[in-house]
Amino acid sequence: PRRATTFPALVLTNMTRPSNRTKLTPLRKTFAWPVVMQSLLVALVVGLILNIINQGPEIIAGKPVDLMRLVLTFAVPFFVASYGAYSAFSADELDDQ
């Protein structure tokens, strides 16, 4: 039975077809533009929600926000989404062997 393909794998199918000269490694697929854009979108949506939850009172009161918390709240979802894509690509590569 064929395994379901993940969204990042679908985006990159043309890049990994045997007709291409070199096969991309999971790490290179993770940093391909479509996957980076997907991770950035996840970071934007999740980061906004978490910032409203974590620093909402400061934002509403017009007080300064903690910049380190602000950066981390967007960075963590980006890294989690990127790691998820990397894991999916690694699993696909293991299944192909």
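Is Phe79 buried or exposed? At 55% relative accessibility, Phe79 counts as exposed, because the cut-off for that class is over 50%. Keep in mind that this is a predicted model.

**How α4 and α5 pack**
- Helix α4 covers residues 33–61 and helix α5 covers residues 67–96.
- The two helices pack at an angle of about 140°, and their axes are 7 Å apart.
- The crossing in which α4 passes α5 is right-handed.
- In the contact of α4 with α5, the residues divide into 16 nonpolar, 7 polar and 1 charged.

**A walk along α4**
- The buried residues of α4 are Val35, Val36, Ser39, Ala43, Gly47, Asn51, Gln55 and Gly56.
- Gln55, one of these buried residues, is also where α4 has a kink of about 80°.
- That kink lies shortly before the proline Pro57.
- After α4 comes Gly62, which has a positive phi, near 75°.

**The aromatic pair**
- A pair of aromatic rings is described by the distance of the centres and the angle of the planes.
- The count here comes to 1 aromatic pair, formed by Phe78 and Phe79.
- Their rings sit 5.6 Å centre to centre with 70° between the planes, an edge-to-face arrangement.
- Phe78 has 17% relative accessibility and so counts as buried, the cut-off being under 20%.

How values were computed
Residues numbered from 1 in each chain as written. Predicted model: local features only at pLDDT ≥ 70, side-chain atom pairs only at ≥ 80, totals over all residues. Heavy atoms only, no water. Axes fitted to C-alpha atoms, helices over the stretch in contact; angles between N-to-C directions. Helix = DSSP H or I, 4+ residues; strand = E, 2+ residues; numbered from the N terminus. Left-handed = near helix turned anticlockwise from the far one by under 90°. Nonpolar A, V, L, I, M, F, W, Y, C, P; charged D, E, K, R; others polar. Phe/Tyr/Trp six-rings, centres within 6.5 Å; stacked < 30°, edge-to-face > 60°. Buried < 20%, exposed > 50% of the residue type's maximum accessible area, 1.4 Å probe, protein only. Bend = angle between axes of the 7 residues up to and from the residue.
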